[in-house]
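Please look through the sequence and the structure before reading on.

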Protein chains: 2
Amino acid sequence: MRPDGRSMRESILAAAVQLFAQYGYHAAPLRDIARIAGIQAASIYHHYPNKQALLVEIMETYMLRLNTSLEHILKEYDDPLQRLHEAIANHIRMHTTYKEEFFIIDTEMRALEEEHRPHILSLRDKYEALLQELLRDGMERGIFRQSDVKIASYAMIAMCTEVATWFRPDGRLSVQQVITIYRQFIAEGLLVLMPDVSRMPDESAHLL
Amino acid sequence: MRPDGRSMRESILAAAVQLFAQYGYHAAPLRDIARIAGIQAASIYHHYPNKQALLVEIMETYMLRLNTSLEHILKEYDDPLQRLHEAIANHIRMHTTYKEEFFIIDTEMRALEEEHRPHILSLRDKYEALLQELLRDGMERGIFRQSDVKIASYAMIAMCTEVATWFRPDGRLSVQQVITIYRQFIAEGLLVLMPDVSRMPDESAHLL
DNA sequence: GTCTATACCACGATAGAC
DNA sequence: GTCTATCGTGGTATAGAC
């Protein structure tokens with residue numbers, strides 16, 4: 001254990017997260033990772049077999065964490081709308097809290113050696129399957145509109161993931177405000193067209 | 001000019017697009033780019049000053065093309081809903097047609113040297129500004145619901161861009177079908193909640 | 001405009017002392 | 001568990017002939 005309470009193993013991984021996110025896996029030298037962790041490059045090999053192992057551990061750890069959190073939500077809640085709300089909040093919170101880790105997962109899939117890619121991809125597939133289960137269940141129970149489950153899940157994941165690229169904790173909006181906006185985009189529509197009041201029968205105008 | 005009608009300069013760039021997209025900028029060796037283009041690595045330097053110039057030219061060319069197409073739509077159409085429909089179709093078509101080029105733009109920003117980044121970022125900002133102008137105008141004219149223009153534009157760009165990662169021309173859906181689905185997601189809502197008929201006054205039930 | 005040959009360097013990884 | 005020293009590879013880029 002080191003002065004800051006982290007093991008050297010953890011310090012090395014934290015440094016790798018920082019540099020993989022900043023420069024990309026291939027552009028991040030092991031020597032720089034070692035320098036940030038406070039040791040020599042050669043000493044990394046006492047804790048990890050090679051550079052690739054750092055990437056795999058980052059991806060595996062945080063994909064597992066993401067899946068576990070969504071599984072927990074599905075077990076905890078039954079109402080489709082509440083499940084959706086929790087899933088959106090969870091996705092955005094995870095991706096903004098572990099911004100660098102998920103950025104690496106999203107951009108460095110190519111850097112995975114053939115040997116490790118299937119495992120990480122299966123974790124990503126698992127997450128998509130859980131989300132699609134949520135959506136399908138909500139549609140079958142008549143809570144959500146019938147639509148293409150796969151495409152809806154892709155669109156939802158894409159827009160919620162991207163939040164992490166622009167969100168700033170000290171910015172105009174809090175995470176909770178952003179979550180509220182995205183819940184509305186997803187549940188009620190991003191740009192719901194204003195109903196054309198002039199063409200509406202009088203008796204329904206009060207719905208606006 | 002070469003047998004296939006492309007200049008060597010174009011062949012080199014095409015090879016760079018292929019390998020930058022497949023392996024990433026830093027992991028794509030100039031020797032391999034040269035091999036695919038059918039020359040020796042050293043000969044690339046007759047056409048481009050260095051590797052970075054290949055990346056800059058790819059990014060600049062296709063961001064300009066994207067901006068020009070959206071500017072054309074804004075000039076051609078006035079109706080906010082039609083503008084939105086055309087913008088969505090254009091974004092999805094561009095990103096699926098030039099899948100590799102836009103994938104590079106989206107994932108290799110980090111690989112741009114400091115010197116070139118502001119220029120490329122300004123082109124990306126320009127696109128966002130054009131789209132935000134479209135949305136703001138539609139809200140001001142009462143066609144779209146009032147919502148956060150910036151966030152709406154980010155969400156829209158993110159979900160439409162991501163189509164390129166899973167779309168297959170020989171897949172279950174045609175581009176046109178995908179465009180139709182995304183238009184509905186964006187204009188009418190991704191998961192519009194089924195209105196709860198039981199709690200609605202009788203006289204408005206006919207709206208469903 | 002393309003080639004061969006090569007300079008030069010930074011990288012990941014290893015060996016072996018402490 | 002960390003160090004110093006170093007190996008071997010493969011990268012971008014250049015020199016100069018053709």
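## Domains of chain A

Into which domains is chain A divided? Chain A has domain 1 (8–46) and domain 2 (51–189), with bounds that come from an automatic or database domain assignment. This is a predicted model, in which local features need pLDDT of at least 70, side-chain atom pairs count only at pLDDT 80 or more, and totals for chains, interfaces and linings use all residues. Residues are numbered from 1 along each chain as its sequence is written, chains are lettered from A and ligands numbered from 1 in the order in which they are written, and side-chain values use heavy atoms, with hydrogens and water left out.

## Where the two domains meet

In chain A, 14 residues of domain 1 are in contact with 12 residues of domain 2, contact meaning heavy atoms within 4.5 Å. One salt bridge is found across this interface, a salt bridge being a side-chain nitrogen of Lys or Arg within 4 Å of a carboxyl oxygen of Asp or Glu.

## The surface near DNA strand C

DNA strand C is surrounded by 15 residues, the closest being Leu30(A), Tyr45(A), Lys51(A), Gln40(B) and His47(B); a residue is near a strand if one of its heavy atoms lies within 4 Å of it. Of the atoms of DNA strand C within 4 Å of the protein, 61% belong to sugar or phosphate, and the rest belong to bases.
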